[in-house]
Amino acid sequence: MGATADLIASMAQAQGRRLAPSTACSSSALAIAMGKIWIQSGAADVVIAGGTDALCRMTFSGFQS
């Protein structure tokens with residue numbers, strides 16, 4: 001689940017916490033909100049936040065049902 005976060009961190013040479021929320025349509029919003037909380041709390045100086053979806057068979061089937 002966290003492979004995308006690990007890949008982006010590696011490419012950006014970023015260190016520290018990583019989060020890969022999996023909450024359907026709200027995943028990107030949750031990632032951005034957590035980044036804001038980390039910055040406000042002093043847990044991070046900078047964050048990279050966003051979202052992606054592999055659109056695998058399970059995801060596609062869920063939207064079709």
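1. Surface. The chain exposes about 5,300 Å², of which carbon and sulfur atoms supply 58%. Accessible areas come from the Shrake-Rupley method with a 1.4 Å probe, and for residues only the protein chains shown count as cover. Of the 65 residues of the chain, 12% count as buried; here buried means under 20% relative accessible area, exposed over 50%, and partly exposed in between (1.4 Å probe, protein chains only).

2. Basis of the values. This is a predicted model, in which local features need pLDDT of at least 70 and side-chain atom pairs count only at pLDDT 80 or more, while totals for chains, interfaces and linings use all residues. Residues are numbered from 1 along each chain as its sequence is written, and side-chain values use heavy atoms, with hydrogens and water left out.

3. Overall layout. The chain has 3 helices and 0 strands, and its pattern along the sequence is α-α-α. Helices (H or I, at least four residues) and strands (E, at least two) are DSSP runs, numbered from the N terminus. Taken along the principal axes, the box filled by the C-alpha atoms is roughly 40 × 25 × 10 Å. Among contacts with a separation of 6 or more, 16% come from residues 24 or more positions apart; a contact means heavy atoms within 4.5 Å.

4. Salt bridge. How many salt bridges does the structure hold? It holds 1, the term meaning a side-chain nitrogen of Lys or Arg within 4 Å of a carboxyl oxygen of Asp or Glu. Arg18 pairs with Asp6, and their closest N and O atoms are 3.6 Å apart. Arg18 lies in the loop between α1 (3–11) and α2 (27–41) and Asp6 in helix α1, so the pair ties together parts that are 12 residues apart in sequence. Both partners are partly exposed, Arg18 at 44% relative accessibility and Asp6 at 41%.

5. Largest pocket. The largest pocket contains about 1,200 Å³ of space. On a 1 Å grid over the protein atoms alone, a pocket is an open set of points where a 1.4 Å probe fits, with protein on both sides within 12 Å along at least five of seven lines; lining residues have an atom within 4 Å of a point. Grid points are joined across faces, edges and corners, and the volume is the space filled by probe spheres set on the points.

6. Pocket lining. The lining of the largest pocket has 37 residues, and Ala5, Leu19, Ala20, Pro21 and Gly50 lie nearest its centre. The elements giving two or more residues to this lining are α1, α2 and α3 (57–64), and α2 gives the most, with 6 residues. By class there are 23 nonpolar, 11 polar and 3 charged residues; Ala, Val, Leu, Ile, Met, Phe, Trp, Tyr, Cys and Pro count as nonpolar, Asp, Glu, Lys and Arg as charged, and the others, Gly among them, as polar.

7. Alanines. Ala33 lies in helix α2 and is partly exposed at 35%; its C-alpha is 8.8 Å from that of Ala49, 16 residues away in sequence. Ala43, in the loop between α2 and α3, is partly exposed at 39%. Leaving aside neighbours within four places in sequence, Ala43 is in contact with Arg17 and Trp38.

8. Cys25. Is Cys25 buried or exposed? Cys25, in the loop between α1 and α2, counts as exposed at 69% relative accessibility. Cys25 and Asp53 are 28 residues apart in sequence and 9.5 Å apart in space, C-alpha to C-alpha.
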